[in-house]
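Dear colleague,

My notes on what was found in it follow below.

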Amino acid sequence: MTKTDVIIIGGGATGCGIARDLALRGIPHYLIEKDDFAAGATGACHGLLHSGGRYAVNDPEAAKECIEENMILRKIGEKCVEITGGLFVRLPGDSKRFRDRFLKSCEEVGIPTEVLSASRALDLVPNLNPVLEEAVKVPDCSIDPFRLCMLNATTSRLKGATILTHHKVVDIIKEHGRCAGVKAADQFTGQIREIRARVIVNATGAWGDKMAQLGGSDAPMTLSKGSLVITNHRLTNMVVNRLRPPSDGDIIVPNEAVCLAGTTSITVTDPDAIEVDSREVDKVISEAQAMIPIFRSTRMIRAYTGVRPLLKGDNSDGRAISRGFKIIDHKNGMFSILGGKLTTYRLMAEKLTDALMDHFGLNVACETAQKPLDGQDELSGYPLSKRLNSLNGIVCECELVNREDVERIVNRIGTKYIRDIQHRTRLGMGPCQGGFCTYRALGIMQDMGRVSADESMRVLREFLQRRFRGIRPALWGDQLREEQLVESIYLGILGMGREQ
Ligand SMILES: Cc1cc2nc3c(=O)[nH]c(=O)nc-3n(C[C@H](O)[C@H](O)[C@H](O)COP(=O)(O)OP(=O)(O)OC[C@H]3O[C@@H](n4cnc5c(N)ncnc54)[C@H](O)[C@@H]3O)c2cc1C
C-alpha cells in the first residue's frame, strides 16, 4: 500500500491549484482525477478571467477577490491568459441608475473602469450593436482552463508528486472513524489502487457532497447548471458583457479562433445527469445577438454545459448566491473546499493549503502568487497566428496542431484517450469540432503502438458519440449540412457503422 501526506481528489482548477501550492511548500501528495484535468466545471466554463465587474454591485467581496487574482494570474500565467480587456455595454432600455451603481461599486473594490462613448466602443469592437448608448471598459481577460490546470499540475509533478488521471475514487478507507486513504479505480483497466494519507482534500466541485458523504460527513451545496454556445468565428477581440444585473446569456468571451457565449443558470441535483436544452441555446443566442447582432447569422458549432459548485444558499436563484468559497474541516481527516470561481482558484488553493499547514503544525509561506507557472516555455501562447510557422504534418487544420504535437503528448503522458490530446493541444476544439482530425490523431496513436486497431475504433466511437451530444443542440442550416457530410465520411467511407 502507498502512503503520502495529502491526497487531493479532483483535477479541476481548485485541485490542481492545491497540488501546485503543496508542491511549492514541500508537502508530498497525490492528485487523483477520474477523467482528464478540467473534466468538470473548469473545462465547461466560459473561460473568463473576471475583472470582478460582474459581481461588483451584488457580491463585492467576490469582486475584490476577482480583481486581485486577475492581476496575479496575468503575471504568473501569461501563456494561458489573453489580455483582451472587456466592455460592459449599455443598450437602450438598460438602467442608467444601475450603470452609476456599477461604476461606484467597481471603484469601491478597486476595479479600474473607463467610460467610453458608443463610437469609441465601436472602434474597439466593430461588431457591437450600433444602437448602444455607451460602454465601460474593465480589465477582463480570456483564460484557457485546460492549460491552466496542466501548468499547475506540472509543478506538482516536477516536485515529485504523483498525479493519477483517469482514476476514480470509489471509496474512502476509514480507520477508527477517520478517513485514512482512498480506493481509486483505473478507468481503463478497472484495477483498484489503495493509497493512504494523513489528510484527504475533497476538491471535487459539484461532486463535493457525494465525496464528503463517502467520508462520513456532508458538504451542502447548490448546484447550478450553465450552458454555453460556441461560434465558428472570433466575433470580438474583447470580452463583451451587458451592463445590467447579471442575467442569462449576457457574456461573450473570445477564445483563440472562436467565441463562447452564455450562460444560463438552472438549479440541478445530479452533476452526472445534465444536458443542454435547446431553449437554453435559443435564449443565449437571442441575448448575445442583442449585444452583437451578427451573432444570429453566425454558425454555432457546439453547445456545452457544466455545473457550478456553489455554496448552499437560501435563494433558489443560482445567480443570487455568493461566488465566495468555503473550506470545511470535517474533523475526520477530510477537508472540503466549496464554491468560488475559476478566477479565484489560486486564492482558494492558498487558503486551503494554509489550513493544512496549520493542521500539520508547519509554517511555510505560500509562493504561488509570485512564481510563474512551470511549463509555459513549451506552450505556443496566444494568438493562433503565432503557430502558423509550424505547418508540417498538420493534423488539425482549425487549431494548427501537427503530427509532432500529437506525438509529443502521447510520448509524454502515454495516453490512450483522444480527449487528453485535445486538452493539451486544442486539437478538435475549433470550428469542425474534431470532425476531421480525430481519426488522424487516433491513427498516429495506433502507428505509435499506443492503441490497438480495436481500441482505436472504440475510442473513436465514444468520441463521436460525445461530440454528437455536444453538437446536436446547435444543428440547423449549414451546420446540419456539414454534420451530414461528417456522418457520411465516418459511416460510409470509414465504415464506422459496420459491426466489427
Ligand atoms: C457554465 C459555467 C461557466 C462558468 N464560467 C466561469 C468563468 O467564465 N470564469 C470563472 O472564473 N468561473 C466560471 N465558472 C465557475 C468555475 O468554472 C468553477 O467555479 C471552477 O471551475 C470549479 O473548479 P473546481 O476544481 O472546484 O471543480 P471542477 O472543475 O468541477 O473539478 C472537480 C473535479 O473532480 C473530479 N471528480 C469528481 N468526482 C471524482 C471522483 N470520485 N474521483 C476522482 N475525481 C473526481 C471531476 O471529474 C472534476 O474534474 C463557470 C461555471 C460554469 C458551470
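Thr236 sits in the loop that runs between strand E13 (221-231) and strand E14 (239-242), where helices (H or I, at least four residues) and strands (E, at least two) are DSSP runs, numbered from the N terminus. This is a predicted model, in which local features need pLDDT of at least 70 and side-chain atom pairs count only at pLDDT 80 or more, while totals for chains, interfaces and linings use all residues. Residues are numbered from 1 along each chain as its sequence is written, and side-chain values use heavy atoms, with hydrogens and water left out.

Is Thr236 buried or exposed? Thr236 is buried, because its relative accessible area is 2%, and buried means under 20% relative accessible area, exposed over 50%, and partly exposed in between (1.4 Å probe, protein chains only). The side chain of Thr236 reaches the backbone oxygen of Met238 at 2.6 Å. If its neighbours within four places in sequence are set aside, Thr236 is in contact (heavy atoms within 4.5 Å) with Val125, Ile252, Pro254, Cys259 and Ile292.

Cys106, which belongs to helix H3 (residues 96-109), is buried as well, with a relative accessible area of 0%. Leaving out neighbours within four places in sequence, the contacts of Cys106 are Gly53, Ala56, Ile111 and Thr113. From Cys106 to Leu464 there are 358 residues in sequence and 45 Å in space, C-alpha to C-alpha.

Pro431 lies in the loop between helix H10 (418-425) and helix H11 (438-447). Not counting residues up to four places away in sequence, Pro431 touches Asn232, Val258, Ile301, Cys398 and Glu482, and its C-alpha is 20 Å from that of Val239, a residue 192 places away in sequence.

Turning to the chain as a whole, it holds 13 helices and 22 strands, and 60% of its 500 residues count as buried. Among contacts between residues at least 6 apart in sequence, 72% join residues at least 24 apart. The C-alpha trace spans about 65 × 60 × 40 Å along its principal axes.

Notes: A polar contact is a pair of N or O atoms within 3.5 Å; within protein, one must be able to donate a hydrogen and the other to accept it, and residues adjacent in sequence count only if both atoms are side-chain atoms.
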